[in-house]
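Notebook open, structure loaded. I'm jotting down side-chain contacts and a bit of sheet layout as I go.

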Amino acid sequence: MSTYDVAIIGSGPGGYVAAIRCAQLGMKTAIIEKYSTLGGTCLNVGCIPSKALLDSSHHYEHAVKHFADHGIEIPGDVKINLEKMIARKQTVVDQTCDGVSFLMKKNNIDVFEGVGAFKDATHINITKTDGGKETIEAKNIIIATGSKPSTLPFIKIDKKRVITSTEALKLKEVPKHMIIIGGGVIGLELGQVYRRLGADVSVIEFMDRIIPGMDMALSRELQKVMKKQGVKFYTSHKVTALKTTAKEVTITADDKKGNPVEFKGDYCLVSVGRRPYTDGLNAEAAGVQLNERGQVEVNDHLQTNVSNIYAIGDVIKGAMLAHKAEEEGTFVAETIAGQKPHIDYNLIPGVVYTWPEVAAVGKTEEELKEAGVKYKSGQFPFRALGRSRASADLDGFVKILADEATDEVLGVHMIGARCADLIAEAVTAMEFRASAEDISRMSHAHPTFAEAVKEAALAATDNRALHV
């Protein structure tokens, strides 16, 4: 029987990063993955492929709608080759997953392909894809089994007309009318992909706004911009029934007044969140406790109730984000090694990769009001920037919330071009407990989108933004 210092069940961003960090710290490490490729949901059917399609569809939209404005003339019609677009996406996925395999070899990490299930607190039974079985022993075990798409009790995912994000990444045709149940990150990103390619897109959301976990101002702005792009929104609508035929999906929902509304389309993307995935883990054999939501219970050290077993990523509480899982993977590896790592969950940024991009870190304005925190707010529109005008990316703004008394930055919320990258400036500043004035006095290159951050800080500091 092979023995290890650490064994990790699951090879997503949390699992494989934990494995690398454990190996760097001198531990003999194994990783167990049920699928034939490493990388988990993020690399295979999540973050990476969706961004590849977002990029491809963005290029197409620019060619059709905006190239002429730049003096670029294309003879004839611009056409979509969806098959080639999907193939490119898969190439990106394959290269990225191969990169993770390379990192496992580079760090001398043993990879087991199969389903890992606890035999007890220090032994894992591995059922291999070829039917073979093997048991390994580990002093420490990290559960990193991730999540799967959720659905509603009365909806059956047939993977043909009623689909999840996984199937939406490999459609063989552009839908005529895609109905999306759920106005969160995944639904909006994939909805924008197919809207750009010519589909009618309708988003049905139970809450009174889209991206409900983010600052209200971001929700309003994103909905306004996506409406201009042709996406239809039905907020405060509760889906009550779904029926399918060979070529059509019919959805019934109650509007905010309780009146039934009917929607018909050729595809329905169910995007109502994700659930922790512990199927087949046999956690009870190790004595590991799950809560009523199916999450693995952990303490502040990400330990389960069994001291040598840890859990990270989507399978525990908190935002289901790849970069959160990565931070937790590193945290657990260093904890096992006897170090004193830390994670500030308040400073884990959230991003929506639509265009314009949406990004945020820290407290929302609603959270500060609810907590009774006295704050000041500064906001700056992207359309006031020279860089925005040069690229015709005029939508959006940066909003900075700072403590009224100390000026410490408490939250940064932005929507606009390159916000997924710009948010890192806010995270860095907040990690060092910067004030709005600190940011306002830092030189930002001109012309850049980042100038909006400086201007918003100026607005928050003394209501003295320069270019509005």
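This is a predicted model: local features need pLDDT of at least 70, side-chain atom pairs count only at pLDDT 80 or more; totals for chains, interfaces and linings use all residues.

I started with burial: Y4 and F112 are both buried (under 20% relative accessible area, with exposed over 50% and partly exposed in between, 1.4 Å probe, protein chains only). Residues are numbered from 1 along each chain as its sequence is written, and side-chain values use heavy atoms, with hydrogens and water left out.

**Aromatic pairs.** My rule takes rings of Phe, Tyr and Trp (its six-membered ring) with centres within 6.5 Å; planes under 30 degrees apart are stacked, over 60 edge-to-face, the rest tilted. I get 3 aromatic pairs that way. Y4 and F112 are edge-to-face, because their planes stand at 85°, with ring centres 6.2 Å apart. Y4 is in strand β1 and F112 in strand β3, 108 residues apart (helices, H or I, of at least four residues and strands, E, of at least two are DSSP runs, numbered from the N terminus).

I then looked up Y234 and F263: centres 4.8 Å apart, planes at 75°, so edge-to-face again. That pair links β10 to β13. Y234 is partly exposed at 26%, whereas F263 is buried at 6%.

**The sheet with β13.** I find an open sheet of 3 strands, order β11-β12-β13, paired antiparallel (two strands pair if DSSP finds at least two bridges between them). β11 and β13 are the edge strands. I count 6 bridges joining β12 to β13, and A253 has V261 in β13 as its bridge partner.

**Salt bridges.** The cut-off is a side-chain nitrogen of Lys or Arg within 4 Å of a carboxyl oxygen of Asp or Glu. The whole structure has 18.

K224 is partly exposed at 47%, but E221 is buried at 13%. K228 meets D395 at 3.1 Å, N to O. K228 lies in α7 and D395 in the loop between α11 and β20, so this bridge ties together parts 167 residues apart in sequence. K228 is exposed at 59% and D395 partly exposed at 23%.

D407 is buried at 9%, and K376 is partly exposed at 22%.
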